[in-house]
2 protein chains.
Amino acid sequence: MTNASAPLGEFDRITRYFKPLAAGFPGARGLRDDAAVFGVPPGFELVVTADAMVAGVHFFPDDSPGDIAAKLLRTNLSDLTAMGAEPLAYTLTTALPRDVGEAWLSAFAAGLGEDQARFNIGLAGGDSVSTRGPITLSVTAFGLVPAGRALPRWGGVVGDRLFVSGCIGDAALGLEIAYDRLTLDDAAAREHLLRRLRRPDPRTTLGPRLIGLASGALDVSDGLVADLGHLCEESGCAARLDAASVPLSDAARGVIGDDPTRLALALTGGDDYELLFSAPDRATPALMALAESLGVPITAVGWLEAGVPGTVRALDQRGAPLALLRRGWDHF
Amino acid sequence: MTNASAPLGEFDRITRYFKPLAAGFPGARGLRDDAAVFGVPPGFELVVTADAMVAGVHFFPDDSPGDIAAKLLRTNLSDLTAMGAEPLAYTLTTALPRDVGEAWLSAFAAGLGEDQARFNIGLAGGDSVSTRGPITLSVTAFGLVPAGRALPRWGGVVGDRLFVSGCIGDAALGLEIAYDRLTLDDAAAREHLLRRLRRPDPRTTLGPRLIGLASGALDVSDGLVADLGHLCEESGCAARLDAASVPLSDAARGVIGDDPTRLALALTGGDDYELLFSAPDRATPALMALAESLGVPITAVGWLEAGVPGTVRALDQRGAPLALLRRGWDHF
């Protein structure tokens, strides 16, 4: 509709910042064509997920461009690995206000490039437009999974054991720090929690290895309790979550102490991007061996049980129900 | 970052408006999982394109939600068909301000549904977030093309003939009407031009049939002259465009009359979403037969010639250079 000239036009920005990011993915055709073209190897299927992020809603406008880039890609990669997929590529659309200059774009592109190398993915295509609103970013990410073997949310069976990767609650506590609702003298702990908020660590090595072991899986984005509820709802069962078993980082453990409100926050706060999955108990030794070989902690945290589908009982170490203020965030 | 409650939360909106749109595409898994999963048939490749649209930049905020939905999908489908691909599916992310209510969403979803049926595509997945800025929509669309046969922009050869589908310039003149810079007493002509602006007609039946006939192809979005420039630049040659041959609708012809400024606008205005392609002259009879069988007009409009790559000479009917005010829009 408008033809207002920005400091650099669309074509120049694409050439300077995005074409280099597409260079490693031949299917992108160097961003020189109307679309990307790539094959899916025989015996594999494509896994496709999409996420959008808006400044002031999903990240702070003054977060570093590198952190924003990392979070944007990693939340999508987390969805892929929760399906058991190996990441392959992504498309990116950016709607940027005029005051986003070349320094921001350059740092943002550098962040994308770092994560492309880290996770072995390529930029397949995209679009770059202007907006009078906040920075708005959208990624569609692609991965490959052996045909028919994608891990569903709905594969859980009553009697299956529940497991999570890594630690839970760091990002929720980090968000409290970012909002100045929590002060922490321990600088290292503070940095750890903030970093887990800003740079989630999607378990891309773990997801594909869960095929054949896990019955149902998803990634923890809305909060452990809420996402466990999703797994249960889709699997047609209920769950018991042993809150005392939920793995916490030293930093989180220090903050939580014996404050039940803070524990509840950790269990419901979201943005963890860890994997939550169900598996028959007999798979436990294989899962522990896998955790060891990958260097990714896996912890048993409860059981799927018969009950109203979607119901989660969170129990404390004495087996008493834990008071949760909410199930999780609605990231709307 | 925020957990502000909208009239309907993300989950409810997805259930009400988007899950029904995904029902026809099994790979979407009913939007019940972390991601979509689908196969690519043996012998085919996936074609992937992404476009973003922002209210006030790419469409008028008060455009009908159905028109916005149609334009969003169709501009992406136009990219797919320019590659020779058959449309398959799309992902959609929406960032919507709070004042976008259920009536808007319902009409928007209905528009998507109509076009899904028209173009035989399914919703594979997406994300729905809130924004304090304008409506911001992003689509990544997928199509299938026989492996190795995608139509590139860069396949043009000196001596090839140039062709366009349909008519050129309607949308550019429609935009003048929408901006009240052009008044038109003929209501039918007015409606035609506005409709071509708001509801482009991507040539989805034509693109796949150009494989084996066309040497280079793209869709006309930035303007005929600018996009011909892109084809030439990527193909390493120049072009002669015979302006008098460029197909115009009756409505456009009536508006343009013998006003060279309006003719220039039609040739450079963009948003046509017609196909522009090069082919050896010997393919002309096959192309004319194809046009006849599909009911899609195809018109010869010029030639690729030796010259500085990307150079376009637009000539009038006497062979004199046409004055063009600009090459095309930078849709930034």
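**Close-up views of aromatic pairs and a mixed sheet**

At 19% relative accessibility, F60(B) counts as buried, where buried means under 20% relative accessible area, exposed over 50% and partly exposed in between (1.4 Å probe, protein chains only). The structure is a predicted model, in which local features need pLDDT of at least 70, side-chain atom pairs count only at pLDDT 80 or more, and totals for chains, interfaces and linings use all residues. Residues are numbered from 1 along each chain as its sequence is written, chains are lettered from A and ligands numbered from 1 in the order in which they are written, and side-chain values use heavy atoms, with hydrogens and water left out.

**View 1. A stacked pair, F163(A) and F277(A).** Over all chains, the structure holds 11 aromatic pairs. Rings of Phe, Tyr and Trp (its six-membered ring) pair if their centres lie within 6.5 Å; planes under 30 degrees apart count as stacked, over 60 as edge-to-face and the rest as tilted. The ring centres of F163(A) and F277(A) are 5.5 Å apart and their planes stand at 20°, so this pair is stacked. F163(A) belongs to strand β6 (residues 161-165) of chain A and F277(A) to strand β9 (residues 275-279) of chain A, so the pair ties together parts that are 114 residues apart in sequence. Helices (H or I, at least four residues) and strands (E, at least two) are DSSP runs, numbered from the N terminus. Both F163(A) and F277(A) are buried.

**View 2. An edge-to-face pair, F60(B) and Y179(B).** The ring centres lie 5.3 Å apart, with 75° between the planes. F60(B) sits in the loop between β2 (44-54) and α2 (65-82) of chain B, and Y179(B) in the loop between α4 (170-178) and α5 (187-198) of chain B, so the pair ties together parts that are 119 residues apart in sequence. Y179(B) is partly exposed, at a relative accessible area of 28%.

**View 3. An open sheet of 5 strands.** The order is β4(A)-β3(A)-β5(A)-β2(A)-β1(B), with mixed pairing; two strands pair if DSSP finds at least two bridges between them. At the edges stand β4 (122-130) of chain A and β1 (36-38) of chain B, each with a single partner strand, so one side of each has no neighbour in the sheet. Strand β3 (residues 86-96) of chain A runs parallel to β4(A), joined by 8 bridges. A89(A) stands opposite G122(A) in β4(A).
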